[in-house]
Amino acid sequence: MGRIFLYASAVASVLLLTLIYAVVAGQNGGTAAASPTQPPGAQASVGNIEPTPAAVAKDPNAPPYELRDPVAPELGDAREVAIDLYIVEKQMTVADGFVQTVYAYGLTEETATVPGPTLRVRVGDTLRVTFKNPATNTMPHSLDFHASMVAWNDEMRDINPGEELLYEFTATKAGVFMYHCGTAGVLSHLMNGMYGMIIVEPEGGLAPVDREFFLVQSEWYIGPQGQVGDLAKATAGAPDPQFVTFNGIAAQYKDNPIQVEVGERIRLFVLDAGPNVDSSFHIVGTIFDEVIKEGIALRRGNEGNWGSQAVDLSPAQGAIIEFTLAEDGLYPFVTHAFNFPDNGAVGLFQAGDGDPTN
């Protein structure tokens, strides 16, 4: 029985790695030539990422998506930070061929994005946010910072189109926190894009690293082209999102790998914005040696030299993850819930030129 179990485990491992490679290498529904996003000489035949089930037809004339820069913002020197934060109802390409009406946060109306801008402060900093709902919008919206300790019926209250509200708090706890809309029918606001990340560093700051990036996992429940998402899909007992994404757009970092160098210390700020699906964040080809998840820390150099292969996050949970890449090559990052990478929850880190034979 022991030999049978070991054999079955080996077969399962091979199948899992084959699935990861197929998701990463699949290009345009056919055989892919060698490229910076695929090991030299490799071929695969996996179809385009499509909604499952394909209830909405892909629009070949949809505008291309706008690539989201994943570089994390730097921590400023000011201990009192004042910003404007707008909510904008707009159209956005969320996957190749799919346009939705989204509710996007932005520091200006012109720069509103899904997810919203990543903010960064430290414990003890005061954040003053003037939240603005432009008169051109159609509905009330609101703002809820999980990093704050304020009364729900004060700063988090709804404001109508044409109104604004001052949301002020002092950060007292460190972590990777979510902010989002809390207006009644919260799911309908979240599923259409009203979420973002705020990083709160400890008062003494985080140790310097070579590179820092942010990744927000979230879901799209595709509605008709150009319209809002399908609420019935999102409220199903077993939610079945058409796309699960990092930073709002399906497979954008598979198409455009994140460039790093071998041996660099890399820090990721990771948030599962949901609204419904858990994340099991994993990078193929490395092991996390530092993880702070919701205040629980795995430290580099710990007794026993323990490491982490995946970080489990429920909706609205965040983590700080550190690692290095040992060789030139491609390193896929996914949620290890493998019904989702083929629907957009996949990207690549490219170390060096991406060619492991160099």
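User: Where is the place of Ala316?
Analyst: Ala316 is in the loop between β16 (311-313) and β17 (317-323). Keep in mind that this is a predicted model.

User: What is phi of Ala316 near?
Analyst: Near 80 degrees, a positive value in a residue other than glycine. Most residues other than glycine have a negative phi.

User: What about Glu294, what phi does it have?
Analyst: Glu294 has a positive phi of about 50 degrees, and it is not a glycine. Glu294 sits in the loop between β14 (290-293) and β15 (296-298). At 44% relative accessibility, Glu294 also counts as partly exposed.

User: Switching to prolines. Is the peptide bond from Val114 to Pro115 cis or trans?
Analyst: Cis, with omega near -5 degrees. Pro115 lies in the loop between β2 (98-106) and β3 (119-122).

User: And from Gly274 to Pro275, cis or trans?
Analyst: That bond is cis, with omega near 20 degrees. Pro275 is in the loop between β12 (266-274) and β13 (279-283).

User: Now the core. Which residues touch the most other members of the largest nonpolar core?
Analyst: Leu268, Phe281, Ile283, Ile321, Phe323, Phe333 and Phe349, out of 31 residues.

User: Leaving aside neighbours within four places in sequence, what is Leu268 in contact with?
Analyst: Its contacts include Phe213, Leu215, Phe281, Ile283, Ile321 and Phe349. There is also a second, separate core of 30 residues, with Ala95, Leu190, Ala250 and Leu271 among them.

Methods: Residues numbered from 1 in each chain as written. Predicted model: local features only at pLDDT ≥ 70, side-chain atom pairs only at ≥ 80, totals over all residues. Heavy atoms only, no water. Core = buried A, V, L, I, M, F, W, Y, C linked by side-chain atoms within 4.5 Å. Buried < 20%, exposed > 50% of the residue type's maximum accessible area, 1.4 Å probe, protein only. Contact = heavy atoms within 4.5 Å. Helix = DSSP H or I, 4+ residues; strand = E, 2+ residues; numbered from the N terminus.
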